[in-house]
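Here are a few notes for a first look.

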Amino acid sequence: MAITRETLSLPEARRVALAAQRLHRAPAPGRPPAGGAAVGRLVEQMGVLQIDSVNVLARAHLVPVYSRLGPYPTAALDRAASRRPRRVVEAWGHQASYIPVQTYPLLAWRRREFEREAWGSIASVASAHPQTLQRVLEIVAARGPVTATEVQAEIEHEHPRGKADEWGWNWSAGKQCLEHLFFVGRVAVAERNASFERRYDLAERVLPPEVLAAPDVPEPDAVRALLEIGARAHGIGTLRCFQDYFRLRGPGVRTALEELVEAGSLRPVQVRGWDRPTYLHRDAQLPRSASATTFLSPFDPLVFERRRLQELFGVDYRIEIYTPAHKRVYGYYVLPLLVGERIAARCDLKADRDTGRLVVRSAHQEPGAVGDVVAAARRELARLAGWLGLGAVVVEQGARGDLADRLVGGTRGLDEVARA
């Protein structure tokens, strides 16, 4: 329903946020699995899907789609990104991301400002190694789509992999040149191969004609549009929340916020218990309840901004992938479990593809969680395992967390969880 009040309770703010991310209700039972068109529409609504290569459970960009659409064929997202007419493309949005094709022109200023916006040595490739960069571009033009491995093989005699220090990064010279060309928009990602390597091609052979023909968007206009996408995807939040969606920075961001407020796209509101200026997007909806139960990827847009997650759900969450094992509190690849409008638990999960099992390495119930968290977790573990093509859910010996032992059991054939 439309929101007219100036003050919202914390539970209401949570439901607004969940609705904006399509996480407030479960997929309709019996509905056929989502196809490429449905996945494309979802990415348009979400605005961005972060990409990460960690595959201990599933690729980072695949899980947020599952969280919203339920079990779906992951090839649907691959088709949306790699077959004409492409509905989504790769770009530097919130880190490496899939974005809707219509958003690509809004990031032209970032591509132009690569010396300011690019990371690491990628920004300096053009000035430090112009001849190699041109050679790599010629290889792509002649042979694309190509992987970095294939390009490096062409220039290995000139730039052997062992000379990483000359380039200031662990990547090969070919990979760094390709990543620079990708950042500035000279090449684009045509597809990913079975090893999840990017296959690069000239941008004009990948992007739809209407995207290539789109006029340049001045940076202030683009920043304002990107900030609004972030605000719409949040429903409710602060400037910090909205700008983090596309990693926007600089004084122009606050100017864009003021313009969105003046135009009526954003409206100042109060959330009881919050002490920062908060804004509601004009398309925000406040459902009467939230009923979905699903696991959330560590890279899910709902958990991008950790302070917001803590303020909305009372959950202090961080990814511990890069934390030494003996210092981890919750585990390596921990997924929050959303039950209704609360984060009820968090589980460290691993897809053991050799044995066909979904392994629970730790399971912790969140303080204040209500309802039958054990039953909800069992059902969702079984659903997740089915989507991943795994035949069993097991809790490994020595699994940590107050929820781990309680998960063992369940209804045989439906949501049974065994002990490894």
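**Notes on the domain 1 and domain 3 interface**

1. Start with the charges: the count of salt bridges between domain 1 and domain 3 is two. If you want a pair to look at, R15 and E341 have side chains that meet in a salt bridge, at 3.3 Å from N to O. Bear in mind that this is a predicted model.

2. Polar contacts come next. Nine residue pairs are in polar contact across the interface of domain 1 and domain 3, with both residues at pLDDT 80 or more.

3. Which helices each supply at least two residues of the side of domain 1 that touches domain 3? They are α1 (10–20) and α3 (62–69). Of that side, α1 gives the largest share, with four residues. By type, the residues on the side of domain 1 that touches domain 3 split into 14 nonpolar, three polar and two charged.

4. Now step back to the layout. The domain assignment lists domain 1 in two stretches (7–103 + 216–281), along with domain 2 (118–207) and domain 3 (318–409). Taken over C-alpha atoms, the centres of domain 1 and domain 3 are 25 Å apart. Their contact involves 19 residues from domain 1 and 18 residues from domain 3.

5. Last, the area. Between them, domain 1 and domain 3 bury about 1,600 Å², and 63% of that is on carbon and sulfur atoms.

How values were computed:
Residues numbered from 1 in each chain as written. Predicted model: local features only at pLDDT ≥ 70, side-chain atom pairs only at ≥ 80, totals over all residues. Heavy atoms only, no water. Domains from an automatic or database assignment. Contact = heavy atoms within 4.5 Å. Buried area = accessible area lost by both parts, 1.4 Å probe. Salt bridge = Lys/Arg side-chain N within 4 Å of Asp/Glu carboxyl O. Polar contact = N/O pair within 3.5 Å; in protein donor to acceptor, adjacent residues only side chain to side chain. Nonpolar A, V, L, I, M, F, W, Y, C, P; charged D, E, K, R; others polar.
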